[in-house]
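Please walk through the packing of helices and aromatic rings in this structure.

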Amino acid sequence: MWWFQEGLCVLPVALVIWTSATFIFAYITAVILRHVDPLVPYISDTGTVAPERCVFGLMLNVSAFLGVATMYVRYKQLKALVDVDDTRLNRINLVGLVLGCGSSLGMCVVANFQKTTLFSMHLVGAMLTFGVGALYVFVQTLLSFLMQPHVHSKAMFWTRLSIAGWTLSSIISMFVSSMIMYSSLPGVEVNKKLHWTPGEPKINLRAEVQLQSNHLYDSHHHRPASSRGLAETSPLLAGSI
């Protein structure tokens, strides 16, 4: 028996595989139909235009259901492992369940309210999915810290802490990039823009070179041979034959 066949381990496996398949299928369909550019579009862009938005919404709703089921099983698992009298851990565990359900609810909102039709609701759903989802990861990390070493090992705690840090940095980078993009295109409805042309403003990197001298021998990296304590004795260098 494989490890994912034991108990309800199939739930998180199904959640990851199904959600990945949702994004990949929507991306391939949107690119083939030329609804988006193939170079790293937003996930929301690949689920905006029919027919891919219909399948995207349906599959993402299933992902939200799998997410709720997975987080509920995690809640019941920790409840069975934690002492009934440990009020603090039980409360944190309950908070984690609420945050997890809120993140799954945001996934449903993202799936059913496209960014080109009702952008405000789509933005609320994205904040629930990613923001509240990040809080859920941090709550699980905290539980792993408080429950070691009897239930969770230190390796599990550091693994979840690394995932939480990666999640937070991804959210910050996405937020900063979005702010730069919206501020660089005043008067343009960026939320309804699915194609980008090379002439439009993007983030550019520029390197400037500053020369400290006209040639190498005036630079501070070069030192004459006499200053390094070296002597040349070759007759050719002295000018004789």
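**Aromatic rings and a helix pair**

One aromatic cluster is formed by F145, F157 and W158. Rings of Phe, Tyr and Trp (its six-membered ring) are taken as paired if their centres lie within 6.5 Å; planes under 30 degrees apart count as stacked, over 60 as edge-to-face and the rest as tilted. The model is predicted, so local features need pLDDT of at least 70 and side-chain atom pairs count only at pLDDT 80 or more, while totals for chains, interfaces and linings use all residues. Residues are numbered from 1 along each chain as its sequence is written, and side-chain values use heavy atoms, with hydrogens and water left out.

Across the whole structure, a search finds four aromatic pairs. One of them joins F23 and F56, a tilted pair with 6.4 Å centre to centre and 35° between the planes. F23 lies in helix α1 and F56 in helix α2, so the pair ties together parts that are 33 residues apart in sequence. Helices here are DSSP runs (H or I, at least four residues), numbered from the N terminus. F23 is partly exposed, at a relative accessible area of 30%, whereas F56 is buried, at 3%. Buried means under 20% relative accessible area, exposed over 50%, and partly exposed in between (1.4 Å probe, protein chains only).

The axes of α1 (residues 10-32) and α2 (residues 52-81) come within 9 Å and cross at roughly 165°. That makes α1 roughly antiparallel to α2, a term for angles over 145 degrees. Axes are lines fitted to C-alpha atoms, for helices over the stretch in contact, and angles run from 0 to 180 degrees between N-to-C directions.

How values were computed: Helices (H or I, at least four residues) and strands (E, at least two) are DSSP runs, numbered from the N terminus. Angles under 35 degrees count as roughly parallel, over 145 as roughly antiparallel, 65 to 115 as roughly perpendicular and the rest as oblique.
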